[in-house]
Number of protein chains: 2
Amino acid sequence: MAEGVLYGVGVGPGDPDLITVKAMKLLQRVPVVAWPAPLEGESLARRIAAPHLPDGAVEIPIRMPMVEARFPAEQVYDAAAEQISEHLIAGRDVAVLCEGDPFFYGSFMYLFARMTERHQVEVIPGVSSLTASAAMTGAPLASRNDVLTILPAPLPEDDLARRLKAADAVAFIKVGRHFDKVLRLLEAEGMADSALYIQHATMEKQMILPLRDAPSGSIPYFSMILAHRRGDAWRKTEEEAVFKAAGSANP
Amino acid sequence: MAEGVLYGVGVGPGDPDLITVKAMKLLQRVPVVAWPAPLEGESLARRIAAPHLPDGAVEIPIRMPMVEARFPAEQVYDAAAEQISEHLIAGRDVAVLCEGDPFFYGSFMYLFARMTERHQVEVIPGVSSLTASAAMTGAPLASRNDVLTILPAPLPEDDLARRLKAADAVAFIKVGRHFDKVLRLLEAEGMADSALYIQHATMEKQMILPLRDAPSGSIPYFSMILAHRRGDAWRKTEEEAVFKAAGSANP
């Protein structure tokens, strides 16, 4: 009997309709579905995918303690990998649900690292929180020859300052308790005035605010700040823009 | 009568099943569909969306001459905006098909800039070529606290060199005739050996090769090179990785 395939399935940023047709079709047929969740409470990835999960699928919760310790997480992923391996060896495909896109800062990589040497693994890309957030703000993320940089906010301030100087458009991710640091960095570069704060993009509780109006004391970990060196870039540079579009054959 | 809404619709990177359910539902109901295309030949965006387009929809081709001149492009977008406006004013919704994601280096911004002051515009995000390419290579694009930078290859070499130094993971886009320059830059940073060349990700003619094996003389404009400062990063840093995952509450 052929072994099963492990699928890392991007389910998109939150709106259940932002799942891809490919992911939906796969979820409707896989016999085993694994999903990440906090130690107690709901899995966001599972909630997004819920309309497409078949009755009777075996479900494997991967519940992660929310503490900054290494060993519980290692053990949780080891145990999940073991469980999933058994299904694959028995010939059953397994879908691991991933918020956004599996390979864009996703926790899927911890399972991937454990499984890819021993099993067939395929990734179904999804709409990332990055482009979903830009869509919800109603302003282009990056265009023409902009350099776009994704900056994880937990990095040290001097490191972020250096990286920010090399960027035109930036997305700070994992903002959480690093909010004040990010605000300082953007102010130093003159980019704070037009920056936007986004949490829960495409979900019912979505919040989009000018950076300076964000509730700095209560910023969730999975929030984002989008900024551009040119501010409202798309308004100012239409001439330049059209130039490039016209040359899109191979300028 | 209420005016129509202009939708910028991400149709994903190429595989028709990588369109979102939201985009599919919208396309099935809109009376007017616009799409970009070369002056002669097929529209990739339309081909991707074709299975979902209703019979009898009005179609507006936006055919762009593939020359590096500004005025033809300006005139083409002006004319398209005019045509689209008439439908919107008459109360008809219009969907503009966009490869990948509309706000991720998309040509939709040229219409957006012309329409957003006068009409209601909504963007439906899509799977970008960036995450689709990573999925097809079978290696994470960025993880943990990686700084990920998107570098348009047409920028000057010294500018790119400076930006590259500030990045951990990079995606060079619009590679085309800039291939040799990108190869030199990655070699200078010691990142060329593990870099991957990708064209037509998720399409039948998809090609993924180690950078040094790419056909340097015939690189299409919409090709991509992915590289990481740590090379095969996910293999080497599992310990570090697990540390961060465990702290995902708000480290």
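Reader: How many helices and how many strands does chain A have?
Author: This is a predicted model, in which local features need pLDDT of at least 70 and side-chain atom pairs count only at pLDDT 80 or more, while totals for chains, interfaces and linings use all residues, and side-chain values rest on heavy atoms, with hydrogens and water left out. Residues are numbered from 1 along each chain as its sequence is written, with chains lettered from A and ligands numbered from 1 in the order in which they are written. Helices (H or I, at least four residues) and strands (E, at least two) are DSSP runs, numbered from the N terminus. Under that convention, the count for chain A is nine helices and 10 strands.

Reader: What percentage of the 251 residues in chain A do buried residues make up?
Author: A residue is called buried under 20% relative accessible area, exposed over 50% and partly exposed in between, with a 1.4 Å probe and protein chains only. For the 251 residues of chain A, the buried share is 59%.

Reader: Among contacts in chain A between residues at least 6 apart in sequence, what percentage join residues at least 24 apart?
Author: Contact here means heavy atoms within 4.5 Å. Of the contacts in chain A whose residues are at least 6 apart in sequence, the share joining residues at least 24 apart is 69%.

Reader: Does strand S6 of chain A run parallel or antiparallel to strand S6 of chain B?
Author: Strands of a sheet pair through backbone hydrogen bonds, in either a parallel or an antiparallel manner. Here A:Leu148 stands opposite B:Ile150 in S6(B). Three bridges join the two S6 strands, residues 148-152 in each chain, and their direction is antiparallel.

Reader: Which helix of chain B is included in what covers the buried residues of H1(A)?
Author: The buried residues of helix H1 of chain A (residues 21-29) are A:Val21, A:Ala23, A:Met24, A:Leu26 and A:Leu27. Their cover includes S1, H2, S4 and S5 of chain A, and, from chain B, helix H1.

Reader: How many salt bridges does a search of the whole structure find over all chains?
Author: A salt bridge is a side-chain nitrogen of Lys or Arg within 4 Å of a carboxyl oxygen of Asp or Glu. One of them joins A:Glu189, in the loop between H7 and S8, to A:Lys165 in helix H6, 24 residues apart, with the closest N and O atoms 2.6 Å apart. A:Asp159, A:Arg162, A:Arg163 and B:Asp168 are linked in a network. Over all chains, the search finds 30.

Reader: How far apart are the closest N and O atoms of A:Asp193 and A:Arg212?
Author: A:Asp193 lies in the loop between H7 and S8 and A:Arg212 in the loop between S9 and S10, so the pair ties together parts that are 19 residues apart in sequence. A:Asp193 counts as exposed at 66% relative accessibility, whereas A:Arg212 counts as partly exposed at 44%. In the salt bridge between them, the closest N and O atoms are apart by 2.9 Å.

Reader: With which side chain does the side chain of A:His228 make a polar contact?
Author: A:His228 is found in strand S10 of chain A and is buried, with a relative accessible area of 8%. A polar contact is a pair of N or O atoms within 3.5 Å, where, within protein, one must be able to donate a hydrogen and the other to accept it, and residues adjacent in sequence count only if both atoms are side-chain atoms. The backbone nitrogen of A:Arg230 lies 3.0 Å from a polar atom of the A:His228 side chain. The side-chain partner, at 3.0 Å, is A:Asp146.

Key:
Pairing = 2+ DSSP bridges.
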